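Work through the exercises below with the sequence and the model at hand. Each task is followed by a solution in steps.

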Amino acid sequence: MSIIGSDIIKAKQFLQAGELVAIPTETVYGLAANALDTDAVIKIFEAKNRPLFDPLIVHVPDISAFERYATDTPAIAIELAGKFCPGPLTFLLNKKDIIPDLITSGLPQVALRVPDHNLTLQLLNSLDFPLAAPSANPFGYISPTTAQHVQDQLGDKVPYILDGGSCEVGVESTIIGFGDDKIIVYRLGGLAIEELKEFGYEVELRVNQSSDPKAPGQLKTHYAPRKPLLLGDVEGLLALYSDKKVAVLSFSKSYTGSTKCLSPSGDMKEAAHNLFAYLRELDAGDAQLIIAEKFPDTFLGRAINDRLQRAAAR
Ligand code: TXA
Ligand code: MG
């Protein structure tokens, strides 16, 4: 079992000793190790059972650290970082040699992000190395948004879980890269593309190419519960599966006695915050099948639909 606590010094000691620590962020919990120490980083892949071709995000305390780990950072990136960091946005930038190839799976770019969580920012500021951290779940399963979620699944693999409460945003960061004068979105996430568009640059979506080595985290089946999940028109699916014991995950309406409603008031931020925790609850419950409602394809609804589609793709 892991120790769960909010002791930054203890977390720091484990990390300095090359051990894993689960860390809270505003998006989901991460499974962290010293990004510059390959012996420590390899433990992340082992604990998650994650293939080595799936690169890791590197977490830094502030944007001034970007120039330590990346080079040729385009002006748009600096502009966006100034506006959205700390926050749920990850930047793909040309890596410097100090970043081990293991982190980037041999790719020429490194993913950098400044997480918006008080405890983790304090921890990062107290360390003289950045933290590599994928979501703290076994590969392919739903991401954790509480310390207990991490304990439930990786408790025997991580010595310390830094408990920072339940993650505010609830879905992973938006991942962007840059082309000439345009922003390329590789993963939909906690920062809505509507917000990126406000900068006046072209925003291109490249989120559905599961064979693109640039975004292996975009594998078609990901974020998956163990139970079958169907996404679409709830009424129609309920009629089709009337012989089964079904649980519904809805946006704001209540369909059956066993509906979990993500936001009764219809607030997409609240829905994203609850998404993974509710999916876990339904996965642990006694229904044979989960039926999820599709969200409007705007703002965080896009990231929620993306996660539900991948959860359904089995
Ligand atoms: O919100 C988040 O981003 C969370 C928290 C813990 O920060 N982290 C997270 O990490 O979601 P993970 O490993 O579950 O997803 C990271 C994805 C990879 O699967 C890959 O698609 C992309 O980021 N990525 C990371 N490094 C990359 C690189 N060098 N080039 C291309 N894609 C990269
Ligand atoms: Mg993940």
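**Exercise 1: Salt bridges**

Find how many salt bridges there are, and examine the pair formed by Glu26 and Arg113.

Step 1. A salt bridge is a side-chain nitrogen of Lys or Arg within 4 Å of a carboxyl oxygen of Asp or Glu; by this rule there are 13 salt bridges. The model is a predicted one, in which local features need pLDDT of at least 70 and side-chain atom pairs count only at pLDDT 80 or more, while totals for chains, interfaces and linings use all residues. Residues are numbered from 1 along each chain as its sequence is written, chains are lettered from A and ligands numbered from 1 in the order in which they are written, and side-chain values use heavy atoms, with hydrogens and water left out.

Step 2. Glu26 and Arg113 form a salt bridge in which the closest N and O atoms are 3.0 Å apart. Glu26 sits in the loop between strand S2 (21–23) and strand S3 (30–34) and Arg113 in strand S7 (residues 109–113), so this pair ties together parts 87 residues apart in sequence. Helices (H or I, at least four residues) and strands (E, at least two) are DSSP runs, numbered from the N terminus.

Step 3. Both Glu26 and Arg113 are buried. Buried means under 20% relative accessible area, exposed over 50%, and partly exposed in between (1.4 Å probe, protein chains only).

**Exercise 2: Two further pairs**

Step 1. Arg50 and Asp54 meet through their side chains in a salt bridge, 3.3 Å from N to O. Arg50 counts as buried because its relative accessibility is 12%; Asp54 counts as buried because its value is 3%.

Step 2. Glu172 and Arg307 also form a salt bridge, at 2.8 Å from N to O. This pair links distant parts of the chain, with Glu172 in the loop between strand S9 (160–162) and strand S10 (174–179) and Arg307 in helix H11 (residues 299–312), 135 residues apart.

Step 3. Glu172 is buried at 4% relative accessibility, and Arg307 is buried at 2%. A network of salt bridges links Glu172, Asp306, Arg307 and Arg310.

**Exercise 3: Nonpolar cores**

Which residues of the largest nonpolar core touch the most other members?

Step 1. A nonpolar core is a set of buried Ala, Val, Leu, Ile, Met, Phe, Trp, Tyr and Cys residues joined through side-chain atoms within 4.5 Å. The largest has 81 residues, and Phe91 and Leu196 touch the most other members. Helix H10 (residues 268–284) contributes the largest share of this core, nine residues.

Step 2. Contact means heavy atoms within 4.5 Å. Leaving out residues up to four places away in sequence, Leu196 touches residues including Leu80, Phe84, Ile176 and Val203.

Step 3. Another core, of 15 residues, lies apart from the largest one; Ile23, Phe129, Tyr160 and Leu162 are among its members.

**Exercise 4: Cavity and pocket**

What lines the largest cavity, and what lines the second largest pocket?

Step 1. On a 1 Å grid over the protein atoms alone, a cavity is a set of points where a 1.4 Å probe fits but cannot get out, and a pocket is an open set with protein on both sides within 12 Å along at least five of seven lines; lining residues have an atom within 4 Å of a point. Grid points are joined across faces, edges and corners, and a volume is the space filled by probe spheres set on the points.

Step 2. There is one cavity of 30 Å³ or more, and the largest cavity holds about 30 Å³. Its lining consists of Thr174, Leu188, Gly189, Leu191, Ala192, Ile193, Phe299, Arg302 and Ala303. H11 gives the most to this lining, with three residues.

Step 3. The second largest pocket has a volume of about 190 Å³. Pro88, Glu168, Val169, Gly190, Leu191, Ala192, Glu195, Lys269, Phe299 and Leu300 line this pocket.

**Exercise 5: Covered and open positions**

Is Pro264 buried or exposed, and which residues of H7 are buried?

Step 1. Pro264 lies in the loop between strand S15 (259–261) and H10. Pro264 is exposed because its relative accessible area is 62%.

Step 2. In helix H7 (residues 147–154), six of the eight residues are buried: Ala147, His149, Val150, Gln151, Gln153 and Leu154.
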